[in-house]
Amino acid sequence: MGENRLGQSANKLYEALVLLDRPRIEEIFIQAVGHASPLQVIEDMMIPALRRLGDEWSAGRIALSQIYMGSRICEDLVERVLPASAVERKSYPPMAIVLLHDYHTLGKRIVLSVMRASGFNILDFGHMETDELVGRVLSSDVKILLISVLMLSSALKVKDVRAALDAKGARVRIAVGGAPFLFDSKLWREVGADAMGYNAADAVAIVQDWRKDWS
Ligand code: B12
């Protein structure tokens, strides 16, 4: 299925999400997965539909409850189609992913699945606040840290993570992703990250590149 077809399906999915028509949402998703890879369907159909929901909510045209219910259905679908593990394991250097400060779980969930499906043995720190995260990074000797955030207030916390790690002399590469970095292309540098990714495939490419320094 071409990007164009998935783009058209994103419009249909968006309409079904607004109506919270679960059977229709599943039908559109399953149909698309029959023609393209699950990741492609998620990136080119589901994410654009969810982002449009966010824009419509910002403009006051739909309720937050619609986003909430709609994204829960999407999470279930992602859970069904993305593998939780892969056979080959690339486990060095120690790496982890975290959802910092806010509660938008879906992006981290997708990046984690794709990293694992690509063979990386990556720790899942779940959701954490700054101090807990810094403690876990140090105690697990993490060298590569992927941080997902969806709100500007959370993105700014990356600065605190970087400062606390620097103060401890810990040399950790930080990659970030999520809405605030998509809205402002300079933000990732301002918060002290080493890289920013637009999607899960970028996360894999960034880590693949960094791993060379440890091999
Ligand atoms: C779904 C959603 C919700 C759901 C979340 C459900 C859940 N369990 O996740 C609910 C309804 C709960 C919610 C609540 C809120 N939300 Co909300 N939400 C969204 C929405 C519409 C979609 C987010 C999403 O799931 N996208 C799909 C995922 C898969 O995409 P993604 O996270 O971007 O991840 C991809 C990439 O960014 C990248 N990526 C992500 N992380 C990483 C990490 C690395 C290292 C790399 C390389 C890549 C990467 O890869 C992923 C796969 O491609 C966005 C709109 C938007 N434009 O993003 C608003 C949005 C994020 N929400 C927003 C707001 C304001 C809120 C609330 C504060 C609203 C309120 N008044 O209560 C609350 C706060 C909740 C909290 N404390 O966290 C704002 C944030 C604005 C800002 N400047 O901070 C947004 C942008 C909406 C808007 N347009 O204003 N929300």
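Me: Which residue just after helix 3 takes a positive phi?
Reply: Gly60 does, with a phi of about 80 degrees. Keep in mind throughout that this is a predicted model.

Me: How many residues does helix 3 have, and how far does it reach?
Reply: Helix 3 has 21 residues. From its first C-alpha to its last it reaches 28 Å, close to the 30 Å expected at 1.5 Å a residue.

Me: Where is the kink in helix 3?
Reply: The kink lies at Met46 and is about 30 degrees.

Me: Which residues in helix 3 are buried?
Reply: Among them are Val41, Ile42, Met45, Met46, Ile47, Ala49, Leu50 and Leu53. Glu43 and Glu56 in helix 3 are buried too.

Me: What does Met45 touch?
Reply: Not counting residues up to four places away in sequence, Met45 touches Leu6, Ser9, Ala10, Leu13, Ile28, Phe29, Ala32 and Gln40.

Me: OK, the nonpolar core. Which members of the largest one touch the most other members?
Reply: Leu13, Ile42, Met45, Met46, Ile110, Met115 and Leu146, out of 46 residues in that core. Helix 3, residues 38-58, gives the most to this core, with eight residues.

Me: Why does this core lie between domain 1 and domain 2?
Reply: Because domain 1 (3-81) and domain 2 (95-214) both give residues to this core.

Me: What does the second core include?
Reply: The second core is separate and has 26 residues, including Leu133, Ile147, Ala170 and Met196.

Me: Back to the domains. What distance separates their centres?
Reply: The centres of domain 1 and domain 2 are 25 Å apart, taken over C-alpha atoms. Ten residues from domain 1 and nine residues from domain 2 take part in the contact.

Me: New topic, the ligand. Which protein residue is the donor to the cobalt atom?
Reply: His104 is the single donor from the protein, through NE2, 2.3 Å away from the cobalt.

Me: And where does His104 lie?
Reply: His104 is in the loop between strand 1, residues 90-100, and helix 5, residues 106-117.

Me: Now Ile62. Where is it found?
Reply: Ile62 sits in the loop between helix 3 and helix 4, the latter covering residues 64-81.

Me: Is Ile62 buried or exposed, and why?
Reply: Ile62 counts as buried because its relative accessibility is 11%, and the cut-off for buried is under 20%. Leaving out residues up to four places away in sequence, Ile62 touches Tyr14, Leu53, Glu56, Trp57 and Ile67.

Me: What separates Ile62 and Asp76?
Reply: Along the chain they are 14 residues apart, and their C-alpha atoms are separated by 22 Å.

Me: What about Thr130, where is its place?
Reply: Thr130 is in helix 6, residues 130-139. Thr130 is buried, with a relative accessible area of 13%.

Me: What is Thr130 in contact with?
Reply: Its contacts are Leu100, Lys157, Asp160 and Val161, leaving aside neighbours within four places in sequence.

Me: Last one, Asp209. Where is it found?
Reply: Asp209 is in helix 10, residues 200-211. The relative accessible area of Asp209 is 42%, so this residue is partly exposed. Asp209 and Ala167 are 42 residues apart in sequence and 26 Å apart in space, C-alpha to C-alpha.

Note on methods:
Residues are numbered from 1 along each chain as its sequence is written. This is a predicted model: local features need pLDDT of at least 70, side-chain atom pairs count only at pLDDT 80 or more; totals for chains, interfaces and linings use all residues. Side-chain values use heavy atoms; hydrogens and water are left out. Donors are N, O and S atoms within 2.8 Å of the metal (3.2 Å for Na, K and Ca); water is not among the atoms, so sites may look incomplete. Helices (H or I, at least four residues) and strands (E, at least two) are DSSP runs, numbered from the N terminus. A nonpolar core is a set of buried Ala, Val, Leu, Ile, Met, Phe, Trp, Tyr and Cys residues joined through side-chain atoms within 4.5 Å. Buried means under 20% relative accessible area, exposed over 50%, partly exposed in between (1.4 Å probe, protein chains only). Domain bounds come from an automatic or database domain assignment. Contact means heavy atoms within 4.5 Å. The expected span of a helix is 1.5 Å times one less than its number of residues. The bend at a residue is the angle between axes fitted to the seven residues ending there and the seven starting there.
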